[in-house]
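Student: Can we go through this model together? I'd like the fold first, then some single residues.

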Amino acid sequence: MEQWTGETFYQYLKSGKKGAFYLYTPLCGTCQVTGKMLEVVTKLLPDLPIGKADINYLPEFAETFFIESVPCLVLFNEHQVKEKIYAFQDVPYLYEKLKKL
C-alpha cells in the first residue's frame with residue numbers, strides 16, 4: 001500500500017475510479033493487524049488502488065467523512081464514498097468486499 005495524502009484520495013475520488021483508503025494510527029495494535037491483512041489483499045488485487053494514511057495528519061478529512069474510529073477502510077467508487085469498514089474480520093472478508101467494488 002502506498003502512503004496517500006488527503007489530496008491523493010480526492011484525486012482518486014474525483015476520477016471516478018474505484019479503490020480504498022486505509023486510515024490508521026501507528027500506536028493502534030488493531031491497526032497493525034489490519035494493515036498486515038490489507039497487504040495480503042493488495043497482492044491479490046494488484047490493480048485496485050489502495051492507499052493508507054495516519055489519521056493524525058488528516059483531522060479535516062476525519063471530520064469531513066465522519067470517521068468514527070480507527071482502523072477505518074473507506075471504500076470509494078463512481079465519485080463517492082460507498083462504505084466505511086471498521087470491523088475487519090479476516091483476509092477473505094476484506095478480499096470479497098474489495099473485489100465487489
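Tutor: We start with the ground rules, then take the chain as a whole, then a helix and a few residues.

Student: What kind of model is it, and how are residues numbered?

Tutor: It is a predicted model, where local features need pLDDT of at least 70, side-chain atom pairs count only at pLDDT 80 or more, and totals for chains, interfaces and linings use all residues. Residues are numbered from 1 along each chain as its sequence is written, and side-chain values use heavy atoms, with hydrogens and water left out.

Student: How many helices and strands does the protein chain have?

Tutor: There are 4 helices and 5 strands. Both are DSSP runs numbered from the N terminus: helices are H or I with at least four residues, strands are E with at least two.

Student: Which pattern do they follow along the sequence?

Tutor: The pattern is β-α-β-α-β-α-β-β-α.

Student: How much of the protein chain is buried?

Tutor: Buried residues are 46% of the 101. Buried means under 20% relative accessible area, exposed means over 50%, and partly exposed is in between (1.4 Å probe, protein chains only).

Student: And contacts between residues at least 6 apart in sequence?

Tutor: Of those, 70% join residues at least 24 apart. A contact means heavy atoms within 4.5 Å.

Student: Switching to helix H1. Which of its residues are buried?

Tutor: In H1, residues 6–15, they are Gly6, Thr8, Phe9 and Leu13. Seen down the axis, they fall within an arc of 160°, so they line one face of the helix. That arc is taken from the directions between the helix axis and the C-beta atoms.

Student: What do they pack against?

Tutor: Strand E2 (19–24), helix H3 (59–64), strand E4 (72–77) and strand E5 (80–85). Just after H1, Gly16 takes a positive phi of about 85°.

Student: Which residues other than glycine have a positive phi?

Tutor: Phe66 is one of them, with phi near 55°. Another is Glu78, with a phi of about 55°. Most residues other than glycine have a negative phi, and most peptide bonds are trans.

Student: Where do those two sit?

Tutor: Phe66 is in the loop between H3 and E4. Glu78 is in the loop between E4 and E5.

Student: Is Phe66 buried or exposed?

Tutor: Phe66 is exposed, at 60% relative accessibility. Ile67 lies in the loop between H3 and E4 too, but Ile67 is buried, at 14%.

Student: What does Ile67 touch?

Tutor: Leaving aside neighbours within four places in sequence, the contacts of Ile67 include Leu23, Phe61, Val74 and Tyr86. Ile67 and Ile55 are 12 residues apart in sequence, with their C-alpha atoms 9.2 Å apart.

Student: Where is the cis peptide bond?

Tutor: It joins Val70 and Pro71, with omega about 0°. Pro71 is found in the loop between H3 and E4.

Student: Which residues does Thr25 touch?

Tutor: Val70 is one of them; the others are Cys31, Gln32, Asp54, Ile55 and Asn56, not counting residues up to four places away in sequence. Thr25 lies in the loop between E2 and helix H2 (29–44). Thr25 is buried, with a relative accessible area of 15%.

Student: Now H2. Is Val41 buried or exposed?

Tutor: Val41 lies in helix H2 and is buried, at 0% relative accessibility. Val41 touches Val91, Leu94, Tyr95 and Leu98, with residues up to four places away in sequence not counted.

Student: And Gly35, which residues does that touch?

Tutor: Gly35 touches Met1 and Tyr22, again not counting residues up to four places away in sequence. Gly35 lies in helix H2 and is buried, with a relative accessible area of 13%.
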